[in-house]
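Here are a few notes to read alongside the model. Keep the viewer open and follow the points in order.

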Amino acid sequence: MRENNAGSFDIKTLFYKYGMVFLLLVIIAVFSALSDTFFSMQNFGNILITQVTIGCVALGAMFILVVGEFDLSLGYLTSFCMVLGAKLAENGVNSALVLVLVMIAAGTLSGFINGIIAVKFSISSFIVTLSVGLTLSGLTQAVSGGMVLNHGIPRAISTFAQGRWGQIGYSVVFWLFLCLVVYFLLNHRPLGRKLYSVGSSEKASFLAGIKTNYVRIFAFSAAGFFTAIGAFLLLGKLGAASAAYGHSVLLPAYAIVFLSKISFKPGYFNIGGLILAILFVGIGSNGMTIVGAPPWASYIYEGVILVVAMLLANKLDQNKDKADE
């Protein structure tokens, strides 16, 4: 009887760890059968470049979710950072490095403000980040004047965001490097253990001597930092910015992070699962476009994925709690 239980456990574990890999292969096979142009290095290269901004926002959202918070301002922040960079370029700032540093500083500061208000004043992160997001939306409208800004953007930004080594984009390689940095931070540094500890039990972490307020503020700041990086990559890819750009990244970014929790390391947000999830979302959306599905089908696909991911993640959390008992 014990052997059967052990075998059952192993099968369930394999399903939770690698089930999404199998499902991704099935999706690739289906779209490959439906379209002659889907299965090609060029198309997969395009998918990865398209998903880089969402991938950066997802890295930021992972820090937020690891500590048990939520940030609704990330889409607004993406638009604001893009418009800020484009406006500076339009006003004569022609240094790509200066523009990128200003955008990153603005994103990090916005995240820091979210953290200070939520932590120091004990206000729900939902309310704080929604309020800050709406404020950023107003500032974006004010800076852009409701116009599309596309003049004077340094060529270096576009080259970096759009350029490739063969079929692999420079921005994709850069994003994978960021993933490695986050993986090292979360899994091999004391700060990473503190982030997971605060997300698991803030009270227990505080009693263990962890400065929980600082850890939570850091998570919000990190979210702003990575979102700003995604914004500069999107600015380079599009070659323009407006208040309308960037809002659509929030839902798929969170879908990707929740999906990471049901792959490779079930019950925990993890980088391996995040990379697999971004392929899952990107390939699904791209495949539907190639086979001629209407544009709204991609939103339904991402919405369904988010709901399913949250349900499975919640189930894994319940199983983990029972195991701890």
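**Notes on the helices**

1. H10 spans residues 212-238. Helices here are DSSP runs (H or I, at least four residues), numbered from the N terminus.

2. Who makes that contact (heavy atoms within 4.5 Å)? From H2, the residues include Ile49, Val52, Cys56 and Phe63, while H10 contributes Phe218, Ala222, Phe226 and Leu233, among others. By type, the residues of the H2 and H10 contact divide into 16 nonpolar, 5 polar and 1 charged. In this scheme Ala, Val, Leu, Ile, Met, Phe, Trp, Tyr, Cys and Pro are nonpolar, Asp, Glu, Lys and Arg are charged, and the others, Gly among them, are polar.

3. Before going on, a word about what you're looking at. This is a predicted model, where local features need pLDDT of at least 70 and side-chain atom pairs count only at pLDDT 80 or more, while totals for chains, interfaces and linings use all residues. Residues are numbered from 1 along each chain as its sequence is written, and side-chain values use heavy atoms, leaving out hydrogens and water.

4. How confident is the predictor? pLDDT is its confidence in each residue, from 0 to 100, and the protein chain averages 88, with 92% of the residues at 70 or above. Confidence is highest in H4 (residues 96-120), at a mean of 97, and lowest in H13 (residues 296-324), at 70.

5. Back on H10, have a look at Ser221. Is Ser221 buried or exposed? Ser221 counts as buried because its relative accessibility is 12%; the cut-offs are under 20% relative accessible area for buried, over 50% for exposed and partly exposed in between (1.4 Å probe, protein chains only). Not counting residues up to four places away in sequence, Ser221 touches Thr108, Gly111 and Phe112.

6. H8 (residues 190-200) has Gly192, Leu195 and Val198 as its buried residues. Seen down the axis, they fall within an arc of 130 degrees, so they line one face of H8; the arc is that of the directions from the helix axis to the C-beta atoms. Arg193 and Ser200 are exposed on the other side of H8. The buried residues of H8 pack against H2, H7 (170-188), H9 (202-207) and H10.

7. In H6 (residues 155-162), the residues Ile157, Ser158 and Ala161 are buried. They cover an arc of only 95 degrees around the axis, so they sit on the same side of H6. H2, H4, H7 and H10 are among what covers them.

8. Val83 is in H3 (residues 74-90) and counts as buried, at 0% relative accessibility. Leaving aside neighbours within four places in sequence, Val83 is in contact with residues including Thr140, Leu149 and Ala243.

9. Finally, Ser122 is in the loop between H4 and H5 (125-144). Its phi is near 50 degrees, a positive value in a residue other than glycine. Ser122 is exposed, with a relative accessible area of 66%.

Definitions and conventions. pLDDT is the predictor's confidence in each residue, from 0 to 100. Helices (H or I, at least four residues) and strands (E, at least two) are DSSP runs, numbered from the N terminus. Contact means heavy atoms within 4.5 Å.
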